[in-house]
Amino acid sequence: MASTGTVPATMKALVKTKEAFSFDLQTVPVPEPTGDEVLIKVDAVSVCGSDINMYTWNDVAKVIATIPFTPGHECAGTVVKCGPDADIPVGSKVGVENHYYCGTCYQCTHDTREICLNMGQFGHGRQTPYGGCSEYTIVPAKFLYVLKRSLTPDQIAMLEPLGVAHNAVERLDCRGEDVLVIGCGAVGILVQKVARSMGAKRVIAADIDESKLKFAKELGADITVNTKEKDLKEFIKSFTDGVGMGRICECSGAAVMVNATFPMLRKGGQLVLVGLPKQPLHVENVLQDVVFKALTLKTVHGRRIFHTWRETEALVAEGKVDVDQVITHHFSMTQFEEAFRVLMAGEACKIVLYPSQ
C-alpha cells in the first residue's frame with residue numbers, strides 16, 4: 001500500500017447528519033483506503049449552487065442527496081495513500097469525477113457513463129458518504145482524473161463546473177455562430193467563456209440581475225440584456241432581423257425562460273438546457289415554434305468521462321479560459337457559514353473553500 005508517510009489520525013470535516021439547516025463541523029477519523037480506493041488530501045473545493053440546496057435542506061436536497069454525507073463535489077486534491085488495488089502514483093494531483101458510474105448498465109456500455117442508470121454521487125451521499133469538504137477524502141481510483149498539466153488547486157476544482165459548461169457548448173456546435181446564454185451565474189459565465197474559446201462569433205448574456213450582467217461584460221460577453229428592462233424575445237427579433245437565434249444555452253433554470261427560448265430560435269436552431277427548472281415547461285405554439293422549425297434540443301448532466309476533463313484541462317493550461325476570474329471569494333472551510341451566507345445573498349459568483357486552513 002503506497003503512502004506519502006505521516007497521515008494524521010483525525011481531521012476536520014463538514015457533515016450532514018440530519019434533515020436540518022446547515023452542516024456540522026466535526027473532528028472525525030481519517031479514513032483508510034481499501035481495495036481500489038485512494039486517500040487524497042483535499043487542496044481546494046469549490047461551492048456549487050446545488051450545495052445551497054443541501055445546506056438549507058430543501059425539497060430539492062431530498063431528491064439529490066442521502067443523509068449522512070460530507071458535501072463538496074467540486075474537489076481538487078493530492079494522492080497521499082492508495083489501497084492495494086489502486087495504482088495512481090502517490091503525490092499525483094487529481095480532480096474528482098463525482099458521477100460514480102457502475103460500468104455495466106446500458107449507458108455505461110455505450111460511452112455515456114456520466115448518465116449512468118445506477119449513478120452514485122460524491123458529495124451527495126449517493127453510494128458514498130465522502131465529499132470534498134474534509135481535510136482528507138476517499139475516492140475509488142477510477143473516478144479520479146490525474147492532471148497532466150500544471151494547474152493550481154483552484155483551477156483543478158473548477159474543472160468540474162467548467163466541464164458542465166464545456167459539455168453544453170460542445171453539443172451546440174457554436175463555431176461562427178452568435179450564442180445567447182440565458183443566466184449569468186457561475187456556469188452561465190463559464191459557458192460564455194467556453195463559447196468564445198470554441199469559436200462563437202458573438203456572445204449575448206441575458207439575466208435579470210444587473211450586477212451579474214456587469215460581471216459578464218467584464219469577463220468577455222459582447223452584449224448584455226437585462227430581461228427585467230427589455231423583452232428578450234423582441235430584442236432577439238431585432239438583433240437577428242427577425243430570423244431568430246441559431247444557438248441558445250439556457251442556464252438560468254427558470255421555467256419561464258426555458259419556455260421563451262423556443263420562439264426565439266431560428267429554423268434549424270439548436271438549444272441546450274443546463275439550468276434545472278423546478279416547474280413544468282409549456283410551449284404555447286408547438287407546431288410553429290418547435291415542429292416546423294426542425295429544432296435540435298439537447299440537455300447535459302455532468303461531463304463526458306473523461307473526454308471533457310482532458311479538454312478543459314487543456315483550455316485552462318493554455319490560457320484559453322481563465323477560471324480564476326470566476327472565483328470571487330476564498331474562505332477557510334471553518335468559515336463555511338459565512339461562505340454560504342455570501343453565496344445565498346448573491347454577493348459571490350464562485351466560492352472556493354480550503355479544508356486545511
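Me: What makes domain 1 and domain 2 separate units here?
Reply: The domain assignment gives domain 1 as 10–146 + 327–354 and domain 2 as 164–299; such bounds come from an automatic or database domain assignment. Their C-alpha centres lie 30 Å apart. Five residues from domain 1 and six residues from domain 2 take part in the contact, where contact means heavy atoms within 4.5 Å.

Me: Why is the pair Arg-171 and Glu-114 called a salt bridge?
Reply: The term asks for a side-chain nitrogen of Lys or Arg within 4 Å of a carboxyl oxygen of Asp or Glu. Arg-171 and Glu-114 have an N to O distance of 3.8 Å, so the pair meets that limit. The count between domain 1 and domain 2 is one salt bridge.

Me: How do you know how much area domain 1 and domain 2 bury between them?
Reply: Buried area is the accessible area (1.4 Å probe) that two parts lose on being put together, summed over both. For domain 1 and domain 2 that is about 380 Å², with 74% of it on carbon and sulfur atoms. Val-60, Glu-114 and Cys-349 supply 67% of the area that domain 1 buries against domain 2, more than any other three residues.

Me: Which conventions sit behind these values?
Reply: Residues are numbered from 1 along each chain as its sequence is written, and side-chain values use heavy atoms, leaving out hydrogens and water. As the model is predicted, local features need pLDDT of at least 70 and side-chain atom pairs count only at pLDDT 80 or more, while totals for chains, interfaces and linings use all residues.
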